[in-house]
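I would ask you to keep the sequence and the structure in view while I speak.

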Amino acid sequence: MPSSFTIHYTERLVPLTRLQLSTQTKPTSDVGALKSTHAILYGSPSGATVQESVDFLRTFPVREDKLGPQSDSEELVFYNAIIRTTIFNMYALAVDLYLEESSAAQLDAEWWANIEQSTWSVALYLLQSLPSRICRVLQLIQTRKISVRLSAFHPSSIARLYRDTSPIHQPSAVASFPLVTVGKSTRPDSFVALAEKLRDGVVYSIQRVISLLLFPLRLSQEECQLRRKELEKVRDERAEVLGKILELRPLLANGLGADFNVSTTGSSIDNEALTGFLFKFAVVTSGDASQKAVLPLIEQLLGAFKNHGIMHNTYLEAHDLRRPSRLTLLWPRLFLLPPLMLYCAKHIYASRSTLAELMLDGANTVQHFFKDWLFDPIKDVLITIRAGGEDGVIVRREAVAADLDSLERMSLALAREKLDYDSTQLEALSRHIRQGDLTAVLKIYEEDIKYPVKSAISGTLLRSMFIQVQKAKVDLDQALTGIDKLLKSQELTFAFVGVAPALAVIYVAGGFLGGLLSIRPGRYGGKLRKTSVWLAMRRIERLLLFQPKLHHRHNVETAHSDTIPALTTGLLVLSLAHLREYALTSLPARSRLREGFLEDIEDLEDPALSRSEKLRIIDRMWKSWGKELGWYNLAGGRSNR
């Protein structure tokens, strides 16, 4: 099944391969077979369909008696359509083949780079690959009939063995180990010189021990580095061929749009544009265009594709460039998991009573938390909203009214007895008392304090003082009533403040548990996918600014040229295919973000645009999508390697 990039890149050429019958075509006897074969080729390109069409065309000779110079028979129309579709499918298969191989090489190279960068990852990889290493060592000992001696495990012997057996010849890590020699003191033979010799000897021994301990790690790290470099070399080679194939698309479009011409002898059918494309296509993919006829050349290319896939896989297997199998990566966990589970089960069973109490306490804590801190405060909020704050918070209205009525009765009684007020004056005094004015009582008090002893014994001094005490109590009640009104006005706020901590705890705990239990990625694919897209964007810009060079070639175009070489085109397609796959799977469908992102990718895929024009498209993508996709915040994050 072709990749999404292959389908998108070749979909504009599909209409050129469609069968178009005119009203004047003459029916022939082989029409049914031709129609069935062409219907099969309408499906997705694959090696099986191409092989089927080639087998059919091999058994369908173009006969002079049927296809003359002016022939418009239906057989000729179907024959030309099948030739077009077969060549188109070959092109799509080649794009998909080299894109898949270069993408797989890039992914494997990135995996080895991730292992190489971290010492912990190198140590874990060494542990994971230890059984296979032991097996290879035993096979090597058995094959070469090496006698196992203690000196065979010296680092120099192991390094020499590594150089002899490694398919990728590079300097060994042992060469980078510093050898510390014990320095000779220039001082006379004394206690100080002896101490320096002992110190140098101890330092040398410690460094040797550390070197021996780190030797496997450094050797494994160098192994990861060599494999990464070799995979990058494979990726560049496949990407260069892919770039050359993509550059042939305009030539293929011209060939598919051109008409087939019958030769003057009537013995062959010719399409110069399509034939020229096929020869160049053969040179790019297989390096050989010895066949001059179209059908034998198609057969040669199909066989070359099959051999190329076999040789590619054989090369990767022979050099052990693929990442280890899942069983190799998981065996330490599978080995340690049963005893750890047994130990945990035994420990849990021994502590079952304590764990039961902890679970009970936890359940009670959760229950009381929801009841006392969540449900009851929410219930109080609802009650507050429904009641509207009728009752007081500090004092009640009945208590304030009772104190004020008592003050009024005491004052009126004193005024009636001492001042002989009539009913009219008492009503006026009552209104003044309601307003807080006790002038009449205060006048009596002022007269009484002129003769305090006499007024205290036989007068009204004590009564006027108690009235003032009651007045102070009424004033205090009124002050508390004001505070009570202020609190009542903010009662709903206080109710929400009481329930806010519980809601915050529920929100944080729910988000944490939801993140643990949820299998859905974050927005726009999550941080990991957005980081991979950010790295792809940065890689595209670097490719356009600094055009890469192949390992075996030094006379490539400089970065100052505005044309894009084939290697850069192929590497750009790898990153663009990743961006297209991200847009189709992670961005919301039928949104401006997705449509605009795909339009920018399509502009970058256009081979007619120059390097400077594509750099402007990159700037537009950063300005348009950088903030929305969070690219500006990903630069400061930690590496996932």
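This is a predicted model: local features need pLDDT of at least 70, side-chain atom pairs count only at pLDDT 80 or more; totals for chains, interfaces and linings use all residues.

I begin with the chain as a whole. Its secondary structure amounts to 24 helices and two strands. Of the 641 residues, 36% are buried.

Let me turn to the salt bridges. How many does the structure hold? The count is 25, and I shall discuss some of them.

In one of them, the side chains of D405 and R434 meet at 2.7 Å, N to O. D405 belongs to helix α14, residues 397-418, and R434 to helix α15, residues 423-434, so this pair ties together parts that are 29 residues apart in sequence. Both partners are partly exposed: D405 has a relative accessible area of 28%, and R434 one of 42%.

A further salt bridge joins R620 and D600, whose closest N and O atoms are 2.6 Å apart. This pair also links distant parts of the chain, with R620 in helix α23, residues 611-625, and D600 in helix α22, residues 592-605, a separation of 20 residues. Are the two partners buried or partly exposed? R620 is partly exposed, at 35% relative accessible area, whereas D600 is buried, at 6%. The cut-off applied here is 20%: a residue under that value is called buried, which means that D600 falls in the buried class.

Sequence neighbours can pair as well. R199 and D200 form a salt bridge through their side chains, at 3.4 Å from N to O. D200 is partly exposed, with 22% relative accessibility.

Which residues does it link? Salt bridges connect R133, E223, R227 and D320. The phi angle of D320 is near 55°, which is a positive value in a residue other than glycine. At 32% relative accessibility, D320 is partly exposed.

Y524 sits in the loop between α19, residues 491-517, and α20, residues 526-545. With 11% relative accessibility, Y524 counts as buried.

I now come to helix packing. Two packed helices are described by the angle between their axes and by the distance between those axes. For helix α9, residues 249-257, and helix α10, residues 272-285, the axes come within 7 Å and cross at roughly 145°. The crossing of α9 past α10 is left-handed. From α9, the contact is made by L251, L252, N254, G255 and L256; from α10, by A273, L274, G276, F277 and K280.

Next, the surface. Which residues form a nonpolar patch there? They are W120, L124, L127, L130, I134 and L138, with about 600 Å² of accessible area together. Two elements, α5 (119-128) and α6 (130-144), each give two or more residues to this patch. As an example, L127 is found in α5 and is partly exposed, with a relative accessible area of 40%.

Q106 lies in helix α4, residues 74-117, and has a relative accessible area of 11%. Setting aside neighbours within four places in sequence, Q106 is in contact with R235, R539 and L574.

G626 is in the loop between α23 and α24, the latter being residues 631-634. The relative accessible area of G626 is 0%. Not counting residues up to four places away, G626 touches M621, W631 and Y632. How far is G626 from W534 in sequence and in space? The two are 92 residues apart in sequence, and their C-alpha atoms are 8.8 Å apart.

That concludes my presentation, and I welcome your questions.

How values were computed. Residues are numbered from 1 along each chain as its sequence is written. Side-chain values use heavy atoms; hydrogens and water are left out. Patches are made of residues with over 30% relative accessible area and no salt bridge: like charges are joined within 9 Å, nonpolar side chains (Val, Leu, Ile, Met, Phe, Trp, Tyr) within 5 Å. Accessible areas come from the Shrake-Rupley method with a 1.4 Å probe; for residues, only the protein chains shown count as cover. A salt bridge is a side-chain nitrogen of Lys or Arg within 4 Å of a carboxyl oxygen of Asp or Glu. Helices (H or I, at least four residues) and strands (E, at least two) are DSSP runs, numbered from the N terminus. Buried means under 20% relative accessible area, exposed over 50%, partly exposed in between (1.4 Å probe, protein chains only). Axes are lines fitted to C-alpha atoms, for helices over the stretch in contact, and angles run from 0 to 180 degrees between N-to-C directions. A crossing is left-handed if the near helix is turned anticlockwise from the far one by less than a right angle, and right-handed if clockwise. Contact means heavy atoms within 4.5 Å.
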